[in-house]
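Open the structure in your viewer and keep the selection panel at hand. Please take the stops in order.

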Amino acid sequence: MSRETALNAVMVMGLFLVPLWALWADEPFIITLTTKAAILALAGVGLNIALGLGGLVSLGHAAFFGLGGYAMGILASHAQSYAPIMETPFLIEGTKSMPVIWVIAIITSGLAALAIGALSLRTTGVYFIMITLAFGQMLYFFSISWPAYGGEDGLSIYVRNGFPGLNTLDPIQFYAIVFVILMAVLVFAGRLAKSPFGLALNAARQSPERVETVGITSYKLRLIAFTISGMITGLAGALFADLNRFVSPTMFSWQTSGEIMVFIIIGGVGRLFGPVVGAVLFILLEHLLGGLSDYWHVYLGVLLLLIVLFARGGLIGTLAGKEISHD
Amino acid sequence: MSLILLAEQLLNGLQLGVMLFLMAAGLTLVFGVMGLINLAHGSLYMIGAFAAAAVAGVTGSFVLALAAALCAAAAAGALVEILIIRRLYHRDHLDQVLATFALILIFSEGTRWIFGSFPLFLNIPTYLSGPVTLPGGIQYPLYRLTLIAIGLAIAGGLFLLISRTRLGIQIRAGENDREMIAALGVDISKLYTIVFALGAALAGLAGALVGAIQSVQVGMGEPVLILAFVVIVIGGIGSIKGALIGAILVGLTDTMGGVLLPALFKTFMEPSTAASAGSALASMLIYILMACVLIIRPTGLFGAKA
């Protein structure tokens with residue numbers, strides 16, 4: 001077992017045991033905090049497929065995070081007010097069922113990622129960073145100026161959506177859902193990286209010419225990776241909206257894109273657990289430094305700067321060695 | 001819609017455009033010469049505005065305030081370049097984005113720490129306030145007209161600097177072949193610091209000038225930064241000419257779209273839906289413009305072929 005695998009196992013144990021301890025110690029706030037970290041980690045795992053595996057530096061993943069959030073917000077608000085979303089040509093009603101919302105969030109953000117990716121992947125380098133940013137901003141400004149679903153004020157959902165057989169308003173039960181999804185997606189992402197598709201994508205990042213020479217279209221690989229990546233981030237957005245029972249244009253803002261990217265960099269680019277380590281650390285810092293000083297972003301900025309300048313490969317890279325393990 | 005209103009909006013668009021150019025010029029120079037994406041450029045804009053507001057508050061002089069904005073932003077730019085940015089030139093874009101994102105956090109929260117969360121105000125000096133009457137009977141604020149004039153003058157000066165002076169030759173040479181000019185004996189790290197400080201000074205000046213018509217507050221730089229990125233991407237990264245044309249294009253599109261689209265939609269929709277649909281589309285218009293430009297020309301209007 002390599003040091004990275006050991007570190008990953010510690011992370012999983014931590015995510016499993018800390019909320020259980022919090023339940024025993026009657027600290028519901030800790031459970032909510034862990035839930036937030038797990039959901040943000042999920043968004044990061046999504047981006048990491050594009051960023052770490054595909055080398056696609058997307059500064060617009062807030063678009064998918066927000067679409068997932070608004071999929072939840074729109075469906076639940078219609079169910080809340082008993083007003084159908086549309087009546088002609090066929091009836092579509094809102095829903096308060098989590099699984100249905102997830103499917104719709106995944107489909108919506110997947111279609112958006114397919115469209116945005118198809119256009120953006122024509123460019124490379126800085127232009128790619130900027131065009132993804134532009135698409136994110138497009139949706140951000142649209143969500144602000146479109147008044148039907150709250151506009152700038154956002155949308156509140158009074159009761160958390162339901163999951164068959166569980167009471168989602170109980171923090172630990174909602175966390176259980178999030179934990180299972182995060183683990184399932186991590187298993188999926190781990191297998192994806194080792195699949196022929198993942199290997200080809202990795203090769204296309206390192207040397208597109210060689211991949212093209214053996215007859216693989218790297219554009220297609222990247223587009224599929226970008227779409228899968230957007231779908232996972234969209235699912236995280238729906239869960240995040242359910243955690244807060246609130247959606248607002250902030251989910252679409254470019255700072256959100258930046259933060260999701262920060263999780264990956266803190267943890268380690270291209271590492272399976274990079275975003276998990278990063279998101280947990282981010283939430284921990286937000287909580288600890290936020291209690292210390294109102295201006296905790298200064299410390300976060302300094303820390304981030306030190307990581308970029310001196311700890312290349314992120315936290316996992318520093319703790320477990322530079323080589324990305326292939327076990 | 002009257003022609004006078006249209007002319008006013010054209011001038012507003014032009015004013016936004018030239019101010020965006022001041023921001024975009026620095027960004028595009030830094031990218032063209034050093035190959036660096038600088039997200040913290042908006043923070044230098046903010047520093048300029050805060051320096052101007054602080055100095056104007058103490059001395060009451062607008063000219064001194066502008067000078068303070070230029071100096072503070074240039075000094076902050078040079079300091080950041082020497083301490084941090086210098087280590088990022090040979091890194092990939094991801095590291096640059098992250099490090100400069102970190103700088104935004106430090107600058108924004110640092111400014112909030114020093115000046116507090118409440119916005120400061122920078123007043124337009126009395127000799128520049130009030131409207132003037134332009135040919136055709138258009139009443140237009142003198143200050144905004146001054147902004148257009150300053151912006152165009154600086155654009156002209158920048159073109160002269162780049163095309164006629166020794167520094168300009170070094171900058172152009174640096175864009176083409178940095179090893180070669182280093183081999184010819186140009187102190188490359190000093191040149192980089194100068195270019196970075198020059199871009200920072202322009203951003204700081206823009207911040208101070210715009211700060212007088214908006215409020216001076218933490219976070220004021222980021223919306224402008226994003227617009228400036230749109231500008232340089234449309235114009236082609238590294239091209240000053242592209243930055244100027246892109247800036248005016250974005251300024252006009254943003255301003256005219258906000259006026260014309262709701263009016264256009266009213267011709268075939270109910271007034272209330274037309275207003276909301278029109279303003280929703282108008283707010284996305286420049287990003288749509290940018291996406292269209294990139295799809296047709298993936299390296300911008302005047303960008304070098306990658």
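Keep in mind that the model is predicted.

**Stop 1: chain A.** Select chain A and colour it by secondary structure. A compact globule of 327 residues would have a radius of gyration near 20 Å, and chain A agrees, because its own value is 20 Å. Of these 327 residues, 52% count as buried. Now look at contacts between residues at least 6 apart in sequence: in chain A, 75% of them join residues at least 24 apart.

**Stop 2: where chain A touches chain B.** Show both chains. Each side has its part in the contact: 38 residues from chain A and 38 residues from chain B. Which elements of chain A give two or more residues to this side? Select helix H5 (125-145), helix H10 (254-267) and helix H12 (296-310) of chain A. H5(A) gives the largest share, 15 residues. Colour this side of chain A by residue type: 29 residues are nonpolar, eight polar and one charged.

**Stop 3: two helices of chain B.** Select helix H1 (residues 3-34) and helix H8 (residues 188-211) of chain B. Their axes are 8 Å apart, at an angle of about 165 degrees. An angle over 145 counts as roughly antiparallel, so H1(B) is roughly antiparallel to H8(B). The crossing of H1(B) and H8(B) is left-handed. Show side chains at the contact. Those from H1(B) include Met19(B), Leu22(B) and Val30(B). Those from H8(B) include Tyr192(B), Phe196(B) and Leu209(B). The residues of this contact divide into 20 nonpolar, two polar and no charged.

Conventions: Residues are numbered from 1 along each chain as its sequence is written. Chains are lettered from A and ligands numbered from 1 in the order in which they are written. This is a predicted model: local features need pLDDT of at least 70, side-chain atom pairs count only at pLDDT 80 or more; totals for chains, interfaces and linings use all residues. The radius of gyration is taken over C-alpha atoms; the globule rule is 2.2 Å times the number of residues to the power 0.38. A residue is buried if 20 or more other C-beta atoms lie within 10 Å of its own, exposed if 12 or fewer, and partly exposed in between; C-beta atoms are placed from the backbone. Two residues are in contact if their C-beta atoms, placed from the backbone, lie within 7 Å. Helices (H or I, at least four residues) and strands (E, at least two) are DSSP runs, numbered from the N terminus. Ala, Val, Leu, Ile, Met, Phe, Trp, Tyr, Cys and Pro count as nonpolar, Asp, Glu, Lys and Arg as charged, and the others, Gly among them, as polar. Axes are lines fitted to C-alpha atoms, for helices over the stretch in contact, and angles run from 0 to 180 degrees between N-to-C directions. Angles under 35 degrees count as roughly parallel, over 145 as roughly antiparallel, 65 to 115 as roughly perpendicular and the rest as oblique. A crossing is left-handed if the near helix is turned anticlockwise from the far one by less than a right angle, and right-handed if clockwise.
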